[in-house]
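Please examine the sequence and the model before reading on.

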Amino acid sequence: MTPWATAMGITAAIQAGQTTAEQVVTDALGRIAARNLALNAFTDVVADRALARARQKPDGPLAGVPFAVKNLFDIAGLPTRAGSLINRTDPPATRDAVLVERLEAAGAILVGGLNMGEYAYDFTGENCHDGPSRNPHDLGRMTGGSSGGSGGAVAGGLVPLALGSDTNGSIRVPASLCGLFGLKPSYGRLTRHGTFPFVASFDHLGPLARCVADLAVSYDAMQGPAAGDPACTGRIDPVCASLDDGVAGLRIAVASGYFQHGASAEALAALHAVAAALGVMREVELPGAARARAAAYVITASEGAALHLERLRTRAADFDPAVRDRLIAGALTPAALVVQAQKFRRMFQAAMQALFETVDVILAPATPCTAPLLGQQAFELAGQSVPVRANMGVFTQPISFVGLPVVAVPVAAGALPIGVQVIAAPWREDIALRVARTLERDGVCVAPQPKG
Amino acid sequence: MTVDGTEAGDEAAMIRAGCRTLGILLDPTWHEAIVANVRAIARQADMLLDPPLPDTIDQAPVFAA
């Protein structure tokens, strides 16, 4: 099968007897062997396991689909490195992460672990221990992060489906910079059991793929409560059946103000293209978005530091310096400031709840610009030079701050893709996916294949 | 003296004292970058603290009995 086959295409071909799971996995492993040196998407390949599984001819809605996961997901038999040097000496995981188990129960086949920014405190996809993930659309550019390998592996045609995590934007940013569809579900929707955390208040998990149907089928396969994960909801709301319901009757608006301030010409053009395709005339202001971003920044710095405090005390020199220095600063954040941030979180949540009484979908840029160059330290945002690492998520952070579901949709923007966020009310992933599917079907949002 | 009136030494002292409290051993070569990140958090604090939040707002819940 072509490297660009979707998960649904693979499953259909296997079920029609046109190929086998073993052939599909063999081909995927071949592509990884041939191209991973250039893309640096994979940090671990579990070839024997994958082929053994494929020979069992697994059944289900994702039958035979090779997939990979950000290396903060537990993979049985491997230490869960979470992009770090420090975790490498941990004992190997004894069990797969629950979402890995669920995808395999649906017939998908895990082929490996993916590169990421260290401990997920990153928007670039660069990793000082494992090297940077490289953008398949331009190998001299970032994938974005922290799910950089997830973006690179799918956009580069190595696998059709990958899982990432998103605390402040780490699925949506690589989806945007790599030209993919990415789903960050509602906070608490998909269990985090069996993954290495970053900020418990904000961590979400979700899929990246080259088509909306692949997001929807994998998302439905992963839903459900998990023992030992009190943050995970018990509700299950399948989305596949309504995917092609269209957008008639949906109240859709473009986020104004903060979400357009500082966005590049490409980001604004993509936003307006999506809005025009949906016939959107209305703009809405998200009250306090800048403050929401500030609060997310503070909570992230503080909770991240608290998580890593013992590692900072004993192995500070083994961190990526860029991560270490942010964590140390975070450890020194006054507690009163963190409390203020959590108080504002409740206020902002209430404000967004009120806004979603009048609108069903909000559109906003996913990233302020297209993929920066590898090694680029700063970019221009609203006329100021700001660090890439901390600021690529300015438009994603206020949204994940209150756990809203988002589908990032790709828009061709000249030589490089860029994404738009399709944001829905809590627990309404179905609506966000319907909008994304309509845009895809109408040719407005398509995951481009890298040229050359 | 920095633009906002603080002495550059104030930040250094705060960082040293805070790390001492937390048991984090600082390498002097890290200092400049840590200061830059402390200042980045301080800029976010400026946005977060003004206007003051009402006394009656509870924090977003982390724990539920």
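A residue is called buried under 20% relative accessible area, exposed over 50%, and partly exposed in between, judged with a 1.4 Å probe on the protein chains only. The model is predicted, so local features need pLDDT of at least 70 and side-chain atom pairs count only at pLDDT 80 or more, while totals for chains, interfaces and linings use all residues. Residues are numbered from 1 along each chain as its sequence is written, chains are lettered from A and ligands numbered from 1 in the order in which they are written, and side-chain values use heavy atoms, with hydrogens and water left out.

**Salt bridges**

A salt bridge is a side-chain nitrogen of Lys or Arg within 4 Å of a carboxyl oxygen of Asp or Glu. Over all chains, the structure holds 24 of them.

| Pair | N to O distance |
|---|---|
| Asp44(A) and Arg81(A) | 3.5 Å |
| Arg315(A) and Asp318(A) | 2.8 Å |
| Arg389(A) and Asp320(A) | 3.6 Å |

Helices (H or I, at least four residues) and strands (E, at least two) are DSSP runs, numbered from the N terminus. Asp44(A) belongs to strand β1 (residues 42-45) of chain A, whereas Arg81(A) is in the loop between β2 (66-70) and α4 (98-105); this pair links distant parts of the chain, 37 residues apart. Asp44(A) is buried at 17% relative accessibility, and Arg81(A) is buried at 12%.

Is Arg315(A) buried or partly exposed? Arg315(A) is partly exposed, because its relative accessible area is 27%. Asp318(A), its partner, is also partly exposed, at 24%.

Arg389(A) is buried at 16% relative accessibility, and Asp320(A) is buried at 6%.

**The interface of chains A and B**

Contact means heavy atoms within 4.5 Å. By this rule, 32 residues of chain A are in contact with 31 residues of chain B. Buried area is the accessible area (1.4 Å probe) that two parts lose on being put together, summed over both. Chain A and chain B bury about 2900 Å² between them, and 72% of this area is on carbon and sulfur atoms. The count of salt bridges between the two chains is zero.

On the side of chain A that touches chain B, α9 (289-307), α10 (309-315), α11 (321-331) and α12 (335-355) each supply at least two residues. The most come from α12(A), which gives 10 residues.

**Backbone features**

The peptide bond that joins Gly145(A) and Ser146(A) is cis, with omega about 10°. Ser146(A) is in the loop between β5 (138-142) and α5 (148-155) of chain A. In chain B, the bond from Asp50(B) to Pro51(B) is also cis, with omega near 5°. Pro51(B) is placed in the segment after α2 (31-49) of chain B.

Tyr119(A), a residue other than glycine, has a positive phi near 50°. Tyr119(A) is in the loop between β3 (109-114) and β4 (134-135) of chain A and is buried, with a relative accessible area of 1%. Ala120(A) likewise has a positive phi, near 70°. Ala120(A) is in the loop between β3 and β4 of chain A and is buried at 5% relative accessibility.
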